[in-house]
Amino acid sequence: MNYSYLTNISYNAGIYIRLSQEDKDKKYESDSESVTNQKEILRDYCLKNDFNLVDEYVDDGFSGTNFERPGFIRMIEDIKKKKINLVIVKDLSRLGRDHVMTGYYIETFFPENRIRFISIVENYDSIKNQASNDSSTFIIACNDYYSKQNSLKIRNVLDSKRKDGKFIGSKPCYGYMRDPKDKGHLIVDQNVSKYVKQMFEWRANGMGISEIATRLTEMGVPTPAKYKNMPLCKQVIEKDVWNIHSVKKILQNRMYTGDMVQHKQVKVNYKSKKKVALDPTLWVVVENTHEPIIDKEIFRIVNRKRDNHNRTVKKKTDRPIRLLEGLIFCKECGNRLGVTYRKNHDYWSINCNRYARDPIRGRCTSHFYPYDYFEEEVLEELKSLLSSLFKDLSIEELNEEIINKTNSGTKSLDSIKDELEKEKLKTSSCIQTIYQDRIDGNITLESYKMIVSSYEQKLKNISDKLEEIDLEILKRKNNANKIPNYTKKIKELLNIEKPNRDLLFTIIDRIEADENRNITIKFKYKILEDYTFKYIDKNPIRNPYGRCGKKHKL
């Protein structure tokens, strides 16, 4: 590749330093691999070659297989802002160990952004036509192979420690702490273990999980997230407030009986952070490895109570399904709004399921509506909207407008498909070139297998995406074919006194209600724009149908 456009310009350099956790543990390499020494080497190189050192980008403790690193991301942003035009690393493995992504940045991203790239150890310089540059592909592949082998070695060591009953997690469960004399051994944390005991006692005596969470919050007991200074997540919205999930997790944790339970989940592969849960039969359990907080009999009683409760729950399958049930959603949290029959007062109501399950902790807000009045208003507004639409617009015009929208979306997918087809052809060509190199004896069989596997995976990913796009295009074309029948359904809705569920589910995608009593109707296929109206309380008292209830059509 010709980089002559980079030869006669002044260079604003950015030096990139990365040190992974594994590198920190290699004492024999610490002198050359440490952040400090990498900086010294790179700074000295800039000084000797008269480069203007603009900035230093450091990722300390980050894996080379993952490119979501703060220092690296900041460097890429500065490249896009034209702040630097030269990137220097100590060796290629510092840039990354995933050969696909590392190759992309060296061969594609840097040249496209007119960035000169230098790796000191391998004597790689992107503007020079030299033999050492040609070996970079194999070095990158070897770095990736090294990461894979290193991952396997670490996994084997951790498996051995698990089987020996050693704790290998990042943080012990609430109530325990690491033994200062042996990090693989757990000891009781006297600061919070008393609260764990209290939870089990309350539950064994019949107290509900929601009430336990409420009491702990009122007592000011630190939550696991706050005590361990954990970041907020989907289950943990507030660090100071106990929730049902946190209490359940503690009550179901066998670790409190003195048994070490590990390997509950595993990473998809050495390049991914995603984890999948394992079946309990695959967990690694070693009994009596540490001091118990809870007696095993108490633990058995508490969890037997839970199992018995689960077995005696009966689903209410004998009640009628209301007309809009399954279509109504909460605007704030996205959960479905539940439709419930209140037997004591003989009327139906609507409320947010998330709020109803845990109202004290404020996971959402009340979205209470009397169902029958809600249904009446939705149907009135729906008929009014559709009547005005058909008054000003014919069926044929409406069909043509929607089909044009659908075809426009299909054209956009066709454009994406063309780009993927080009990428597929390019990848296939690379595989053919590598195969020819193998036939000519330019590379060994092991190197061939190592390099070609990544291209084959890339080819598979492209094929999968193409298949998804073809399926989406087919769906859109099918939708276009359904449009005439769809608009006939709308006309049918206008001609009957009360529609059935099948008709409404054919036309409406969802109905959203917010905490300010605004109702939004969203239509399928985008045949109409979202329509919002204000719900009006016809009878704002708690039982909206009066003391004697209301007769309703089911």
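Predicted model: local features only at pLDDT ≥ 70, side-chain atom pairs only at ≥ 80, totals over all residues.
Among the contacts with a separation of 6 or more, 65% are between residues 24 or more positions apart.

Within helix 4, which spans residues 70-80, the buried residues are Gly71, Phe72, Met75, Ile76, Asp78 and Ile79. These residues lie on the same side of helix 4, because they cover an arc of only 160 degrees around the axis. Helix 4 lies across strand 1, strand 2 and strand 3, and runs at about 150 degrees to strand 2.

An open sheet of 5 strands has the order 2-1-3-4-5, and its pairing is mixed. Strand 2 and strand 5 (124-125) stand at the edges with a single partner strand each, so one side of each has no neighbour in the sheet. Strand 5 runs antiparallel to strand 4 (residues 116-119), to which 2 bridges join it, and the bridge partner of Ser119 in strand 5 is Tyr124.

Helix 4 is followed by Lys82, whose phi is positive. Most residues other than glycine have a negative phi.

Turning to the nonpolar cores, the largest of them has 32 residues, of which Leu324, Phe374 and Ile519 touch the most other members. At least two residues of this core come from each of strand 12 (328-330), strand 13 (337-342), strand 14 (347-352), helix 15 (371-392), helix 18 (501-507), strand 16 (508-513) and strand 17 (518-523). Helix 15 supplies the largest share of this core, 8 residues. When residues up to four places away in sequence are not counted, Ile519 touches Tyr369, Phe374, Val378, Ile511, Glu512, Ala513, Tyr531, Thr532, Phe533 and Tyr535. Apart from this core lies another, of 31 residues, which includes Tyr195, Ile209, Ile212 and Phe299. In soluble globular proteins, nonpolar side chains tend to be buried together.

A further packing arrangement involves helix 9 (residues 193-204) and helix 12 (residues 244-251), whose axes come within 10 Å and cross at roughly 90 degrees. Helix 9 and helix 12 are therefore roughly perpendicular to each other. On the side of helix 9 the contact is made by Val196, Met199, Phe200 and Arg203, while helix 12 contributes Val247, Ile250 and Leu251.

Technical notes:
Residues numbered from 1 in each chain as written. Heavy atoms only, no water. Core = buried A, V, L, I, M, F, W, Y, C linked by side-chain atoms within 4.5 Å. Buried < 20%, exposed > 50% of the residue type's maximum accessible area, 1.4 Å probe, protein only. Helix = DSSP H or I, 4+ residues; strand = E, 2+ residues; numbered from the N terminus. Contact = heavy atoms within 4.5 Å. Arc of directions from axis to C-beta. Pairing = 2+ DSSP bridges. Axes fitted to C-alpha atoms, helices over the stretch in contact; angles between N-to-C directions. Parallel < 35°, antiparallel > 145°, perpendicular 65-115°, else oblique.
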